[in-house]
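Me: Please take a close look at one part of this model, the place where the two chains meet. I would like the helix packing there described with care, together with the confidence behind it.

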Amino acid sequence: MDLDDILALAASHKPTVFERASASRNTRWVQQQYARAKADGRDLVGDVDPRDPLNGDTGEIPRITRAAQLAKLGTVRWDAATNEVTWSDEMSLIFGRAPGVVRPCIETLYRLVHPDDARRVREATGTAWVRRTATELTCRVVQPGGITRWVHCYIEVLTGADGEPAGLIGTTQDVTELELARQERERRARRRAIVEQASDGLGPGDGPRDRTAFSDEIDRARRAGSGVLLVIATEPQGGTDPDRLCALVATFVMKLARRNDICGLLGPGEFGVLMPGIGLRPATSLAQTIVEKLRAQLFVAGPHGLRLGAWGGLVRFEAHDESSSIDLLIDAESAWRHAKETGAVLKALPRPAPADERQEAWRTRVRAAVAGNGFTLYTQPILDLRLNQITRQEILLRTLNDAGNPVPPRRCSTSPSTSTRRCRSTCG
Amino acid sequence: MTAAERRLAELDASFEDFCRENIVAVERFLRSQCGDRELVQEAVQETLITARDKWEEISGYEKPLAWVYKTARYKLMNEQARQRREATATLDEVPSDRLVAPPADSREAQEWLLGCLRRLPERQAAVFALAIEGWTDPEIARILGMADNTVRSYKSTVRRRLKEFAGDAGFGTPARGR
């Protein structure tokens, strides 16, 4: 089957019973709406052109300029015989000039285009003229005061009465908002890629889950029944090959965990073990074993062997607890920090912390981090292309780990913006 | 019944016949340029309400459908511009339409074609959508308000792109027995 077959098949389509019924229904609806609009005295024609498009003035130039007017677009025209350029009032407004203020000519036209785009515009118009073919491009124009606007331009070849090419006409539209939205999407995609890259190596298919997948597992376990969440932190996190060390420790923890337990890599040097259907006492005993064995083990991830400090935090949850997976992770992380600060191996919580307590604990941590320079800020200039100036700075927040290194966004939270929001809300 | 009432009834009847006959085609024409069915339906309905208002005049045209296509396109463009103004930040890329097997019937073939046309610039899609309905190049140029040369140029460009899409979907070879 090739394109012609498909086109022939598509053309053979006859309206189905459903489509015919729908057409009748819509017809009735249109009639009703028309009657209602007339009764309300609504203007139904507005700026619609009532003329028959197939009759009357059929010249190319009036046709194209009229179509542009109806669509509120600008036009700019070059006459090959006289080398004259003209443009519409709407085009003047796109250039940021009042109609009639600037005398149109080729030099002025190219002066109004952004210098970085002028060559591209010349090439596009040149190619359209030489090849006698329509083309389109997006470029910038510079308004008074250096304000930059993005415009999309359809360039068409005009044919004279003798059938020969007579000039070019461009129909232009200000697409600044669309262009800015496109650039914003690209920027977000780049950001996502950076975050994904930062998470590379965490959570391979059959191995430990990454933080997001582990959170999903916690939520699933919460819905199914009770259990215990263990979060283990190890130090140092660096070494010559931190990813390799991370993978080694994760494998070690997985070997010590029960067969049905689910393990996760939550961040640099931080590991989760989700133990469904277990009481706090046996879970604490198992956690104690894991942490002590971790401390006793010599890990080789580089030229030298490395012994780790390790601490554990546990929290027991019941089915349908109000706490979310993120809440449980925060509780277990607070618990291992408490264990570390008090010189203990573990701290076990019999139930999730009350919401206000958890919030307060976070506030305390944030205050401590602020006091101890535990954050680092990145700034990113936001250039408003409409004004051609930097109007604001986006401030990105990253936490520093105990070694003073910034923690990549995904590893401390689900996204950089979440991290920023959390900081704001807890500081606030 | 007075003469005026009779005339009104005649207009109503001929408009309803026109609508029933063409509403699906107008909708299909706009769907070749816009994937948002709700927006398309809104533009079609607004166009037909306006058409009803001017039906006495429009029904006298040789091809009233040409006027409806032209007006429907402007209505759609205005609706799209309004929507962009309201939701620029949340606009996402339109996902490309995919087809894993050759279309089995005429409806699937139409849907594939509309999906492909929506991946092209709107003006090119509009030209081709009219061309496959049998409108001539000068008629298309007048309905869409473009140069005659542009219609020819767009038609060949779209045809080339559609062949690429068909090739990408793995059914770009002629059917046996043709």
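Reply: What follows looks at the meeting of the two chains and then at the confidence scores.

This is a predicted model, in which local features need pLDDT of at least 70 and side-chain atom pairs count only at pLDDT 80 or more, while totals for chains, interfaces and linings use all residues. Residues are numbered from 1 along each chain as its sequence is written, chains are lettered from A and ligands numbered from 1 in the order in which they are written, and side-chain values use heavy atoms, with hydrogens and water left out.

Across the interface, 53 residues of chain A are in contact with 68 residues of chain B (contact means heavy atoms within 4.5 Å). The area buried between the two chains is about 5,600 Å², with 59% coming from carbon and sulfur atoms; buried area is the accessible area (1.4 Å probe) that two parts lose on being put together, summed over both. Of the area that chain A buries against chain B, Met1(A), Leu3(A) and Leu54(A) supply 11%, more than any other three residues.

Leu3(A) also belongs to a helix pair. Helix α1 (residues 3-11) of chain A and helix α5 (residues 106-118) of chain B have axes that come within 7 Å and cross at roughly 115 degrees (helices are DSSP runs of H or I, at least four residues, and strands runs of E, at least two, numbered from the N terminus; axes are lines fitted to C-alpha atoms, for helices over the stretch in contact, with angles from 0 to 180 degrees between N-to-C directions). α1(A) is therefore roughly perpendicular to α5(B), where angles of 65 to 115 degrees count as roughly perpendicular, under 35 as roughly parallel, over 145 as roughly antiparallel and the rest as oblique. The contact is made by Leu3(A), Ile6(A), Leu7(A), Leu9(A) and Ala10(A) on one side and Ser106(B), Ala109(B), Gln110(B), Trp112(B) and Leu113(B) on the other.

In a second pair, the axes of helix α2 (residues 17-40) of chain A and helix α1 (residues 3-31) of chain B come within 8 Å and cross at roughly 135 degrees, which means that α2(A) is oblique to α1(B). Residues of this contact include Glu19(A) and Val30(A) from α2(A), and Phe15(B) and Arg20(B) from α1(B).

As for pLDDT (the predictor's confidence in each residue, from 0 to 100), chain A averages 84 and chain B has a mean of 85. Residues 88-97 of chain B stay under 50, and the model has 13 contacts beyond four places in sequence for them.
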